[in-house]
Amino acid sequence: MKLDARVPAGPMAEKWTRHRTEMKLVSPANKRKFKVIVVGSGLAGGSAAASLSELGYQVHCFTFHDTPRRAHSVAAQGGINAAKNYPNDGDSVHRLFYDTVKGGDFRSREANVHRLSEVSAAIIDQCVAQGVPFSREYGGLLANRSFGGAQVSRTFYCRGQTGQQLLLGCYAGLNKQIAAGGVKMHTRRELLDVVIQDGVARGIIVRDLVTGAVERHAAHAVVLATGGYSNVFYLSTNAMGCNATAIWRAHKRGAGFANPCYTQIHPTCIPQSGDHQSKLTLMSESLRNDGRVWVPKQKGDKRPPAQIPEGERDYYLERKYPSFGNLAPRDISSRAAKEACDDGRGVGPGGRGVYLDFAAAIQRLGRPAIVERYGNLFDMYERITGENAYQVPMRIYPAPHYTMGGLWVDYDLMSNVPGLFVIGEANFSDHGANRLGASALMQGLADGYFVLPYTIGAYLAGSKLGEVKGDEQPFTDAQKEVEARAAKLLGVGGKRPAAAFHRELGRLMWERCGMARNDAGLKQTIEEVRGLRERFWQDVKVPGGANGLNPALEEAGRVADFIELAELMCRDALQREESCGGHFREEYQTPDGEAKRDDERFCHASVWEWKGEGEPQALHQEPLSFEVVALSTRSYK
Amino acid sequence: MSGTMNLKLRVWRQPSAGQPGAFRDYEAKDVSPDESFLEMFDRLNERLIEQGEEPIAFEHDCREGICGACSMVIDGIPHGPERATTTCQLFMRHFRDGQTVVVEPWRAAAFPVLKDLVCDRGSFDRILQAGGFVSVATGNAPDANSVPIGKEAADAAMDAAQCIGCGACVAACKNASAMLFVAAKVSHLALLPQGQPERARRALGMVKAMDREGFGACTNYGECEAACPKSISVSYIARLNREYLRAQVTPTV
């Protein structure tokens with residue numbers, strides 16, 4: 001496998017501008033001759049599909065949802081970062097770049113992060129022009145707030161529903177292009193294979209989820225914008241439908257999978273209440289602007305929070321990280337919560353929770369100000385827990401939320417398979433080993449609006465691509481494989497629903513490949529995941545048939561892919577003998593329990609190459625160099 | 001926490017769009033009050049699969065009340081008895097042991113049932129394609145702070161923009177009218193300066209598309225607002241009527 005990041009030469013701040021000016025263009029008359037497939041219609045896919053269509057390409061966009069507006073971007077709550085410096089607090093492109101590289105614990109590609117930071121401001125302009133109703137001050141200008149890992153206020157937001165409003169803006173742009181005939185939208189279609197012809201991605205195989213028909217679609221390039229794989233943990237903040245199937249099938253067709261072990265465990269989620277639970281719910285990080293995190297100083301202190309006097313509370317984030325306090329980055333805050341609970345000082349049922357307390361903020365600002373800022377989050381908390389967080393502190397605990405790992409891409413966001421582009425959470429490039437809050441929305445829209453529309457043109461202009469109709473051998477073979485796999489799942493004839501295997505997988509991964517990992521645990525988990533995979537194929541029960549709407553068949557296919565991905569995640573975590581960002585290996589920590597990187601041995605992206613069924617993937621490396629932000633130990637103290 | 005409950009579920013089963021459906025009875029056993037309504041369905045479905053039966057198809061995704069996928073009529077009320085709550089955010093602590101609960105899909109000619117509790121809401125997308133956007137192509141936007149927007153207008157736009165497109169308003173309406181949905185969409189952009197250039201065209205286009213899709217007329221009963229999980233006010237319907245009237249008398253140039 002050849003991994004050439006193709007980062008343009010020149011000073012960091014000039015790379016993107018220079019690259020854009022020098023890249024080949026497709027003339028307006030020729031753009032309409034190219035067909036591009038975009039899989040996924042969230043912020044990354046939706047913005048890419050609309051923008052490519054505006055440029056004149058024929059775009060076909062696919063989603064497994066009934067409408068693009070339900071993509072999981074919709075659920076992002078807190079906000080989107082941009083280096084606008086509207087609050088006059090010293091922000092700049094360089095500072096956002098610096099914070100993101102440092103926040104990612106020096107495991108991202110500097111040039112990609114710099115570009116992300118450069119285009120961030122234009123995203124806000126674009127969204128405002130679309131009519132996204134960002135929160136504003138009385139003077140009519142845009143409001144900002146702070147997020148973890150930053151000492152400036154650069155986060156733009158729409159109350160607690162920023163992802164929803166950005167997605168609706170993006171979806172409106174997509175609708176405009178659908179109406180104009182530039183985008184053909186294919187809803188309720190699930191990608192089940194990527195078709196490679198002559199070494200180049202030329203199409204996809206999808207299943208129509210309503211009729212069950214397996215369809216072939218050919219194009220000049222394929223863009224995957226299919227999100228992350230946190231649902232490997234079964235319980236996560238992701239929507240129920242989020243899955244790894246698209247990127248996993250692409251991986252099996254040759255796309256390198258980078259850093260699968262980099263997963264983000266979000267510190268502020270509602271703790272699990274029982275075994276019936278199907279997902280965990282995030283409480284936006286923005287709450288940490290005003291909420292104070294604490295546990296009792298005394299182990300096993302069962303008193304209600306109001307009866308624990310100030311002096312007997314441990315505001316551990318403020319104590320350990322005085323300069324960032326409650327806004328320490330996510331990986332650090334999550335581990336600190338786990339530490340407190342492991343120490344027997346957790347609160348709530350099972351002792352797996354910490355308090356997020358608004359009493360001081362309500363006293364300082366008044367209840368109406370808190371209602372204005374977070375009202376919908378407090379309402380949601382009460383609906384789920386039955387508790388009123390204006391009166392008692394919220395209880396929160398970390399939960400899987402985002403995956404920094406994903407398919408490997410070069411500077412132009414193309415995977416190692418020519419013609420296969422990967423954008424948004426599905427790729428690996430911008431967040432290193434830990435993503436900062438409010439940066440996922442930024443990356444999705446940066447990729448879709450301002451990066452891919454340029455780079456895909458350069459690829460199409462520079463390639464000699466013959467016509468492909470969809471009746472060629474690789475399409476026929478891929479379709480047969482997809483149909484055979486559905487038949488195989490339906491034919492196992494076992495006794496257990498796929499969800500039971502998924503739950504089991506989630507427990508294994510959460511315990512030993514979650515917030516803390518170690519050599520023995522990972523080795524054991526690899527064995528257990530292999531066993532689980534065997535049992536799955538002997539004992540899964542998928543009722544119904546391949547024709548027609550069959551949610552049980554969809555679920556079983558996704559779970560089968562998660563099981564395979566889980567093994568790779570463990571292998572990746574096992575070989576990375578260091579701690580960095582969200583990847584915490586217990587063997588590698590500083591005396592005060594912080595992550596200890598090993599830049600000598602691991603300053604690279606680990607990229608896995610599929611070698612065939614039953615063969616272990618081969619490991620490759622993309623070395624990472626830090627020219628502008630000097631490698632240093634991250635400190636938020 | 002209090003003990004578990006047993007409930008009787010009477011659920012609409014329909015094999016596919018063209019085939020007739022019927023209610024079937026199921027038992028939901030050992031339901032925890034902390035369980036969500038959909039989690040109760042998850043467990044029931046797992047039991048059905050174990051028995052070799054096809055699980056009940058229902059739409060759901062985010063389970064945080066924001067994606068708009070879930071769509072069950074529970075005891076005659078879209079999204080069930082709790083105000084301002086989607087089905088996925090409805091928790092079993094609001095139900096009693098021994099209760100019988102009737103669960104149906106959205107029922108409207110413009111939302112045909114595809115299977116069991118799943119219906120096709122593509123008509124909403126087609127309404128939005130008829131004008132629910134600002135025609136601004138990527139890359140040519142002015143600076144975000146170049147046009148100040150008063151907080152009151154921004155807030156009113158946001159109140160309308162919160163619509164999650166679930167269709168509960170249609171399901172609640174005796175005429176299966178989509179007026180609250182269309183009103184929210186038209187009002188969101190009509191309240192903002194960015195929406196002005198296409199204001200008249202948008203109102204006319206979306207209302208026309210709504211009629212074409214077969215949604216009924218509005219008779220101001222207000223059932224839509226009562227069922228709306230985001231509590232979107234019927235006053236936006238008055239605004240839509242005003243926008244529509246205004247559009248008819250506004251010269252385009």
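Helices (H or I, at least four residues) and strands (E, at least two) are DSSP runs, numbered from the N terminus. The legends below concern a predicted model, in which local features need pLDDT of at least 70, side-chain atom pairs count only at pLDDT 80 or more, and totals for chains, interfaces and linings use all residues. Residues are numbered from 1 along each chain as its sequence is written, while chains are lettered from A and ligands numbered from 1 in the order in which they are written.

**View 1. B:His79 in a loop of chain B.** B:His79 is found in the loop between β4 (77–78) and β5 (100–104) of chain B. Its phi is near 70°, a positive value in a residue other than glycine. With 27 other C-beta atoms within 10 Å, B:His79 is buried. (A residue is buried if 20 or more other C-beta atoms lie within 10 Å of its own, exposed if 12 or fewer, and partly exposed in between; C-beta atoms are placed from the backbone.)

View 2. Chain B has eight helices and seven strands, and 56% of its 253 residues count as buried. Its C-alpha atoms fill a box of roughly 65 × 40 × 40 Å, taken along the principal axes. In total, 65 residues of chain B are in contact with 65 residues of chain A; two residues are in contact if their C-beta atoms, placed from the backbone, lie within 7 Å. On the chain B side, α1 (37–50), β6 (113–115), α2 (122–129), α3 (151–161) and α5 (179–190) each supply at least two residues. The largest share, six residues, comes from α1(B). By class, this side of chain B has 27 nonpolar, 20 polar and 18 charged residues. (Ala, Val, Leu, Ile, Met, Phe, Trp, Tyr, Cys and Pro count as nonpolar, Asp, Glu, Lys and Arg as charged, and the others, Gly among them, as polar.)

**View 3. The largest nonpolar core.** A nonpolar core is a set of buried Ala, Val, Leu, Ile, Met, Phe, Trp, Tyr and Cys residues joined through C-beta atoms within 7 Å. The largest one here has 288 residues, and those with the most contacts inside it are A:Val223, A:Leu407 and B:Leu180. Helix α16 (residues 551–575) of chain A gives the most to this core, with 13 residues.

**View 4. Helices α15 and α16 of chain A.** Helix α15 (residues 519–539) packs against α16(A) at an angle of about 165°, with the axes 9 Å apart. (Axes are lines fitted to C-alpha atoms, for helices over the stretch in contact, and angles run from 0 to 180 degrees between N-to-C directions.) That angle makes α15(A) roughly antiparallel to α16(A); angles under 35 degrees count as roughly parallel, over 145 as roughly antiparallel, 65 to 115 as roughly perpendicular and the rest as oblique. The contact of α15(A) with α16(A) has eleven nonpolar, one polar and six charged residues.

**View 5. Helices α13 and α16 of chain A.** Helix α13 (residues 473–491) and α16(A) pack at an angle of about 105°, and their axes are 10 Å apart. This makes α13(A) roughly perpendicular to α16(A). A:Ala486, A:Leu489 and A:Leu490 of α13(A) make the contact with A:Leu553, A:Ala556 and A:Gly557 of α16(A). These residues divide into five nonpolar, one polar and no charged.

View 6. A:Phe106 lies in the loop between α4 (93–103) and α5 of chain A. Its phi, near 55°, is a positive value in a residue other than glycine, and A:Phe106 is buried, with 23 other C-beta atoms within 10 Å. Helix α5 (residues 110–130) packs against helix α12 (residues 440–462) of chain A at an angle of about 85°, with the axes 9 Å apart. The two helices are therefore roughly perpendicular to each other. Their contact residues divide into ten nonpolar, three polar and one charged.

**View 7. Helix α7 of chain A.** Seven of the eight residues of α7 (residues 245–252) are buried, so the helix is largely enclosed by the rest of the structure. The buried residues include A:Trp248 and A:Arg249. A:Gly254, whose phi is positive, near 120°, follows α7(A).

**View 8. A:Gly593 in a loop of chain A.** A:Gly593 lies in the loop between α16 and α17 (599–602) of chain A. With 13 other C-beta atoms within 10 Å, A:Gly593 is partly exposed. A:Gly593 and A:Ala336 are 257 residues apart in sequence and 9.2 Å apart in space, C-alpha to C-alpha.
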